[in-house]
Amino acid sequence: MASHRRPKQPSRARVTVITATAAAAVALTSQAANATPSEKPSKDEVKSKVDKLYEEAERATDKYNGAKEKQDKLEGEVEDLQDEVARGQAELNELRDGLGSMASAQYRSGGIDPSLQLFLSADPDNYLDKASTLDQLSVQQVAALEKIQGKQRTLAQQRKEASEKLSDLADTRTELKKKKEKVQGKLAEAQKLLNTLTAQERQEIADKEQRASRSASDRVDLGNEAPASGRGAAALAAAATQIGKPYVSGGTGPSSYDCSGLTQWAYAQAGVQLTRTTYTQQNDGTKIGQSQLAPGDLVFFNSLGHVGLYAGNGQVLHAPYPGTSVRYESMSTIGSFQFGVRV
C-alpha cells in the first residue's frame with residue numbers, strides 16, 4: 001500500500017542558508033562579468049621598478065662589502081693573536097724548564113729550597129704575593145719567577161683578546177649572511193619583474209642602453225678637459241681597459257666588478273689604495289662640487305649608493321648594475337648626483 005504521509009518541509013534555517021548561498025553566487029558571477037583584467041605594467045614602468053630595485057641592491061651590496069672587509073680583517077687579527085699566544089706559551093714553557101733546572105741543581109747540592117718547592121707546586125702569582133719568602137730565594141730565582149709571572153699575565157690578556165675577536169668574527173659572519181640574502185632577494189625580485197617583459201621588450205631596453213653608452217663615449221672623446229691629476233688620469237685610463245667586463249655584486253676585478261670594486265681597482269693601477277665601499281671612498285679625498293669635476297675624480301650618486309669615475313664632458317665611466325657591463329654613461333641618466341671626490 002502506498003504511503004500518504006506528507007513530505008517533510010525543509011527547515012527555515014536551511015532555506016536561509018540556501019538563499020544566501022545562491023545570492024552570493026549571483027553576486028560573484030556579476031562581479032566576474034563586470035571585472036576588468038589588471039593591466040600589465042608597461043615596459044617603462046617595469047624598467048623604472050627594476051632600476052629602483054637595483055639601486056637598493058647596490059646599497060645592500062655596499063654594506064655586504066663592508067661586512068666582508070671587516071670579516072677579513074678580523075680573521076687576520078685572530079690568526080696573529082693565536083700565533084702570539086702559541087709563541088708566548090712556548091717561551092713560558094722554556095722559562096719554567098729553566099727554573100726547574102735551577103731547582104734540580106739546588107737539590108743535588110744539598111736539597112731544594114722550601115720556598116722554591118712551594119712555587120713549583122702552586123701558582124707563581126700567589127707565591128710572589130708572599131713577599132716574606134723573597135729573601136729565601138736567590139736573585140737569579142727571583143728574576144726568573146718575575147719573568148714567568150709577567151709572561152703569564154701577557155698570555156692571559158692575549159687569550160682574552162683572541163676570544164673577544166672570535167666572538168666578534170662570529171657576529172660579523174652572521175651579519176654577512178643576512179646582507180648577502182638581502183642582496184640576493186632584491187636581485188631575484190628585479191629578475192622576476194624583467195621576466196614579465198617579452199624577449200623583444202628586454203632587447204629594446206638593452207639596445208637603448210647600448211646606444212646611450214656609445215653616445216656617451218663619443219661625447220667623452222669630444223671633451224677637452226684636463227685630468228684632475230696624473231693619478232686620476234692613470235686610474236681613468238685603467239678603468240677604460242675594463243669596458244665590457246660584467247657587473248657582479250662584490251666583484252673587485254679583473255674579471256668582474258661592482259661600482260666601488262671598479263674604482264678601487266682602477267686607482268690601484270695608479271698606485272693609490274682606495275677603501276672598499278662607497279661609504280668609505282667618499283673619505284678618500286677632498287669633496288668637490290659638480291662644477292669642479294675633472295676627469296679621474298670619483299663621482300657619487302643616489303645618497304652614496306653608487307660611485308664611478310668622471311670621464312669628462314658630463315660623462316661617467318662606471319659599473320652600473322647587474323646585467324650590465326662597465327661602460328660610459330651620462331651623469332644625467334645615472335641618478336641623483338651627490339658630490340665628487342678628488343683623490
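1. Arg327 has its place in strand 5 (residues 327-330); helices (H or I, at least four residues) and strands (E, at least two) are DSSP runs, numbered from the N terminus. At 10% relative accessibility Arg327 counts as buried, where buried means under 20% relative accessible area, exposed over 50% and partly exposed in between, with a 1.4 Å probe and protein chains only. The side chains of Arg327 and Glu329 are joined by a polar contact of 3.3 Å; such a contact is a pair of N or O atoms within 3.5 Å, in which, within protein, one must be able to donate a hydrogen and the other to accept it, and residues adjacent in sequence count only if both atoms are side-chain atoms.

2. Some words on the basis of these values are needed. The model is predicted, so that local features need pLDDT of at least 70 and side-chain atom pairs count only at pLDDT 80 or more, while totals for chains, interfaces and linings use all residues. Residues are numbered from 1 along each chain as its sequence is written, and side-chain values use heavy atoms, with hydrogens and water left out.

3. For the protein as a whole, the secondary structure comes to 10 helices and six strands, and buried residues make up 36% of the 343 residues. Of the contacts with a separation of 6 or more, 67% are accounted for by residues 24 or more positions apart. The accessible surface comes to about 19,900 Å², of which 51% belongs to carbon and sulfur atoms; these areas come from the Shrake-Rupley method with a 1.4 Å probe, and for residues only the protein chains shown count as cover.

4. In helix 7 (residues 230-240), the buried residues are Gly232, Ala235, Leu236, Ala238 and Ala239. Seen down the axis of helix 7, these buried residues fall within an arc of 160°, so they line one face of the helix; the arc is that of the directions from the helix axis to the C-beta atoms. An α-helix has 3.6 residues a turn, so residues three or four places apart point the same way. The cover over the buried residues of helix 7 includes helix 8 (259-269), strand 3 (306-312) and strand 4 (315-318).

5. Nine of the 11 residues of helix 8 are buried, so helix 8 is largely enclosed by the rest of the structure; among them are Cys259, Leu262, Trp265 and Tyr267. Just after helix 8, Gly271 takes a positive phi of about 85°. In strand 3, seven of the seven residues are buried, so strand 3 too is largely enclosed by the rest of the structure.

6. How do the strands around strand 3 pair, and over how many bridges? Two strands pair if DSSP finds at least two bridges between them. Strand 2 and strand 3 pair in the antiparallel sense over four bridges, with Val299 opposite Gly308 in strand 3, and they form a hairpin with four residues between them, in whose turn Asn302 has a positive phi of about 50°. Strand 3 and strand 4 also run antiparallel, joined by three bridges; here Tyr310 stands opposite Val316 in strand 4, and the hairpin has two residues between the strands, with Asn313 at a positive phi near 55°.

7. Aromatic pairs are counted for the rings of Phe, Tyr and Trp (its six-membered ring) if their centres lie within 6.5 Å, with planes under 30 degrees apart taken as stacked, over 60 as edge-to-face and the rest as tilted; by this rule the count comes to four. The rings of Tyr257 and Trp265 have centres 5.8 Å apart and planes at 65°, so this pair is edge-to-face. Tyr257 counts as buried at 0% relative accessibility, and Trp265 counts as buried at 17%. The rings of Phe300 and Phe339 have centres 5.4 Å apart and planes at 40°, so that pair is tilted. Phe300 lies in strand 2 (residues 298-301) and Phe339 in strand 6 (residues 337-342), so the pair ties together parts that are 39 residues apart in sequence.

Key
Contact = heavy atoms within 4.5 Å.
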